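Colleague: Before I use this model, I would like to go through the terms applied to it. Please set each value against its cut-off.

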Amino acid sequence: MFDLTIPIEQLYLVGPARAKLLKNLGIKTLEDLLFYFPRAHNDLSKFTLIADLKLGDNANVKAKILEVKSFRTKIRRFTLTQALIEDDTASILCVWFNQPFLTRVLKKNEYFIFSGKVTISKNRLQLQNPVYEQERDEQIHTSRLVPLYSLTANLTQKQLRYIIKTYLDKVTIPEYLPKDILQKEKLLNENYAVKTFHFPKDYSALNQAQNRLAFDEIFQTQVRVLQYKKTREQKNSFKINVDVDLADKIKSLSFELTAGQKQALAEIINDFKKPFPANRLLEGDVGSGKTIIAALAAYLMAQNGLQTAILSPTEVLANQHYFNFLKLFARDNFDIALLTSSQAHFNGNPATRATVISQITSGKAKIILGTHALLEKEIKFAQLGLVIIDEQHRFGVQQRSILKQISNAHLLTMSATPIPRTLALTLYGDLDLSQLKELPAGRQKILTKIVAEENRTKAYEFIAKQIESGRQIFVICPLIDDSDKLGVKSATAEFKKLANEIFPQFEVGLLHGKLKTAEKEKTMQQFSAKGGSASGGKDSYIDILVSTSVIEVGVDVPNASVMMIEGAQRFGLAQLHQFRGRVGRSDHKSYCFLFSDDPNSINNPRLQALVESNNGFDLAEKDLQIRGAGDLYGTKQSGYDFKIASLNNLDLVERSRNYAEKLLDQDINLNNYPLLKQKMDSQPLVHLE
Ligand code: ADP
Ligand code: MG
C-alpha cells in the first residue's frame, strides 16, 4: 500500500531530474500526481480503416507493421524513419523525423495503433509523426479518450501519461466521504472517480467522475470554512453591554439612517451580545453609508471602555475618517488617535509617534484610525474590542492574516465589491454578511458620459458653471508626472494647465502619492473645507482637485458634483465605478465625464458598461464576464483553487454546506473522519483572521 504523501522524487519512475519538472507543475507528492487532472481529452476512441483515410483527418488506425527503415536525407541531413503499415483494407506510410530509435521500437509483423494527421507527399497519403502504441489490453496513448495534460518544457504527454497511469494502477485511494453522503448524492467513490477522470471509458463516465470530484472541492471548502467559523464560535470575546444609549447619538446625526443601515447596525449589536468574536462583512455599494455604521459600532465599544482599531488602505482615507470621527464624537469624552507610517495625531492635535503608541498601549486611546501601520508588532493594544477593516479587498492576504494575533477581538470588514451568493457562501462562508442594498434617500443618478475631445471646451464651460453655483470638481489622471507615454495625461501637468490657463479664476489643488503627507493632508482639508461650514478666506479652500488614483476609495466630499476622468480606458471597471462614487454623495445632481486618449474608446466595453449602469452589482457581473472570478475576487491568492467545480451551482453549494454543518456539529475536530481531517490539514485556509 502506497502512502499518498510520499514525495515524487522517491517514486522509481520519477527520480530527481523528472521530479524537478513535475514540481514546475505543482506536483510534489504522489497524491498531487494522481490529482493532476487532464486539461482535456483527445477523442481517439474510434478507428478508421486505412482505405477510408482522407487528407487532413486526425486519424486513429490499427495496423500491422510491414516494414521499418531509417535513413539520413541527402539534402537537409536529418533522419527520416518510415514504416509501412497495413490493415484489412489498405496500406499507408508513416513518417517521423529525427527519431532513429523507432526502428527498435516498431517491430515488423506486430500490431500497433497509430494516431496522427493525414498529410500528402508525392501524391500519396501518409501519416505524419503519428503517436504509436503497441496493441495491448488497455491502451493509454491511443484508441480511447486520451488525457491531455498541461506540460512543462522537456516533459512529453506520453511520459506524463505513462507515469500517472502506472501509479493509478498501483494505488487505491481510500474513501474519505461518509457513506450516507455518497449514497444521497449518488456519487462514485473517489478512487474510481480519480482513475476515470484520467482514463475514462466514455464521455458519460468522464462526466460522472467530474461530478464526484467537483463535489469534493465544494464540500471540502465548506468543511474548511465552517470548521473555521465554529472554532471561532468556541472562543471567548469581550462582553459588551449594548444597552448604552445609541439612540441619542443616532438622533444627533444630520440624517436619518436608511432601513439597510438600521438593519446592519442591529445585526452588529446582536453579534456583540454573543460571547464569541464576531466576524462580519458589511457590504454596500460606493456611497451607501458604511462609515457611519463603523462609527456607531466603535462608539458602542468606547462606551464599554474598549478600543476599536479602524484600518484604511490609504493615508488619505485614514485621515478623512479621523477628522470625521473627531467631529462626530466631539462631545463624547473618549480619546481618538490617528497613526499611519508618517502621521501621528491625538484628539485633533499632532503628536509624536511614541506618544500615540503609548496612548494605545495604555488603553487610553479608544478609537484608533490608521493604515496597516497599526498592524506593526510594537503596537500592543491594551483592550482591543473591535477591529474594522475598511475597503477590505484592498488589503493583502498577508496583512489580513496578521490579524490572527488579535483573534479574540470582534472583526468587522467593509467592502464595496458586491459578492454573488455562491461566492458569499464559499469565499466568505465563515463570515456573517450584512448588506446595504439602497443608497441614502435623495441621491440622484450620476449622469455618465464619454466625452469626445472636440467637446472638451464645452465640458470646461459646464464645470465653470458648477463651480460658480458652489460645487467642486475632481479631475483624475492616470500618471503623476509626464512620461514618455505619448498623450497620457499626468496630474502634475494637468494641474498646471488648469490652474494657469483654463481656470485661473478658481482654486486648483494637486494630490498624488509622491507628495509629503503634510501636503496631502492640507490639500484634502482644503478640498473638504469648501462644502463645510468652516470655509474661511478664498485661500483656504479648493474648487478643483487634480489627482491620481490615490482618491480611488473612500474619499467623501459630498459637495463635489463632477468627476472628470482623463485616460479613462486605462482604468479597470471596478476602479472607474469607485472614482465615480466620489460624487453623487448628497442631493446635488452629479456628473461623471470620461475622457480618453484612445479615439476608439467609444466602443470600449468597460466605458460603455459604466455609462449604462450606476449599479455596482451589475457592473461586478459585467466585470466577472470580462475578467473572470480569479482576478476579481482573488480566489487563488486566498488558497481557494477550484479546478473542477464551477461556482455557479448554488444548489450544490447549499447542499454541501448542510452536510458539512451536520458533520461538524457532531465532531468539530473531525476525529471520526481522519482522512477528511488529513485533507483539511494539508491545505490550510488563508483567511481574514
Ligand atoms: P461608503 O459606503 O462608500 O463608505 P460613506 O460612509 O462614505 O459611504 O457615506 C457616503 C456619504 O453619505 C457620506 O457623506 C455620509 O455622511 C452620507 N450618509 C451616510 N448615511 C446617510 C444617510 N442615511 N442619509 C444621508 N446621508 C448619509
Ligand atoms: Mg467608505
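Modeller: A helix here is a DSSP run of H or I with at least four residues, and helices are numbered from the N terminus. L21 lies in one of them, α1, which covers residues 15-24. Bear in mind that this is a predicted model.

Colleague: Why is L21 called buried?

Modeller: Buried means under 20% relative accessible area. L21 has 17% relative accessibility, so L21 counts as buried. Leaving out residues up to four places away in sequence, L21 touches T152, A153, N154 and L155.

Colleague: What does the chain come to overall in helices and strands?

Modeller: There are 23 helices and 22 strands. Of the 689 residues, 54% count as buried. The C-alpha atoms fill a box of roughly 100 × 65 × 40 Å along the principal axes. Among contacts between residues at least 6 apart in sequence, 72% join residues at least 24 apart.

Colleague: What makes α7 and α23 roughly perpendicular?

Modeller: Angles of 65 to 115 degrees count as roughly perpendicular. The axes of α7 (residues 203-233) and α23 (residues 674-682) cross at roughly 75° and come within 11 Å. The two helices are therefore roughly perpendicular to each other.

Colleague: Which residues of α7 and α23 meet?

Modeller: From α7, they are F219, Q220, V223, R224 and Q227; from α23, L676, K679 and M680. The residues of this contact divide into four nonpolar, two polar and two charged.

Colleague: R224 is in that list. Is R224 buried or exposed, and how do you know?

Modeller: The cut-off for buried is under 20%. R224, in helix α7, has 13% relative accessibility and therefore counts as buried. The C-alpha atoms of R224 and P440 are separated by 37 Å, and the two residues are 216 apart along the chain.

Colleague: What about P674: buried or exposed?

Modeller: Exposed means over 50%. P674 is found in helix α23 and has a relative accessible area of 52%, so P674 is exposed. P674 and P599 are 75 residues apart in sequence, and their C-alpha atoms are 61 Å apart.

Colleague: What puts the buried residues of α22 on the same side?

Modeller: The buried residues are L652, V653, S656, R657, Y659, A660, L663 and L664. They cover an arc of only 165° around the axis, which puts them on the same side of α22. On the other side, K662, D665 and Q666 are exposed.

Colleague: Why is α18 called largely enclosed?

Modeller: Six of the eight residues of α18 (residues 573-580) are buried, so the helix is largely enclosed by the rest of the structure. The buried residues are L573, L576, H577, Q578, F579 and R580.

Colleague: Which elements do the buried residues of α16 pack against?

Modeller: They pack against α15 (456-468), β18 (472-476), β19 (508-511) and β20 (544-547). The buried residues of α16 (residues 491-502) include A491, T492, E494 and L498.

Colleague: What sets N98 and N123 apart in phi?

Modeller: Most residues other than glycine have a negative phi. N98 has a positive phi of about 55° although it is not a glycine, and N123 has a positive phi of about 70°. N98 lies in the loop between β4 (91-97) and α3 (102-105). N123 is found in the loop between β5 (111-121) and β6 (124-134). With a relative accessible area of 76%, N123 is exposed.

Colleague: Is A441 buried or exposed, and where does it lie?

Modeller: A441 lies in the loop between β16 (432-436) and β17 (447-450). The cut-off for exposed is over 50%; A441 has a relative accessible area of 78% and is therefore exposed. The C-alpha atoms of A441 and T258 are separated by 7.6 Å, although the residues are 183 apart along the chain.

Conventions
Residues are numbered from 1 along each chain as its sequence is written. Chains are lettered from A and ligands numbered from 1 in the order in which they are written. This is a predicted model: local features need pLDDT of at least 70, side-chain atom pairs count only at pLDDT 80 or more; totals for chains, interfaces and linings use all residues. Side-chain values use heavy atoms; hydrogens and water are left out. Axes are lines fitted to C-alpha atoms, for helices over the stretch in contact, and angles run from 0 to 180 degrees between N-to-C directions. Angles under 35 degrees count as roughly parallel, over 145 as roughly antiparallel, 65 to 115 as roughly perpendicular and the rest as oblique. Contact means heavy atoms within 4.5 Å. Ala, Val, Leu, Ile, Met, Phe, Trp, Tyr, Cys and Pro count as nonpolar, Asp, Glu, Lys and Arg as charged, and the others, Gly among them, as polar. Buried means under 20% relative accessible area, exposed over 50%, partly exposed in between (1.4 Å probe, protein chains only). The arc is that of the directions from the helix axis to the C-beta atoms.
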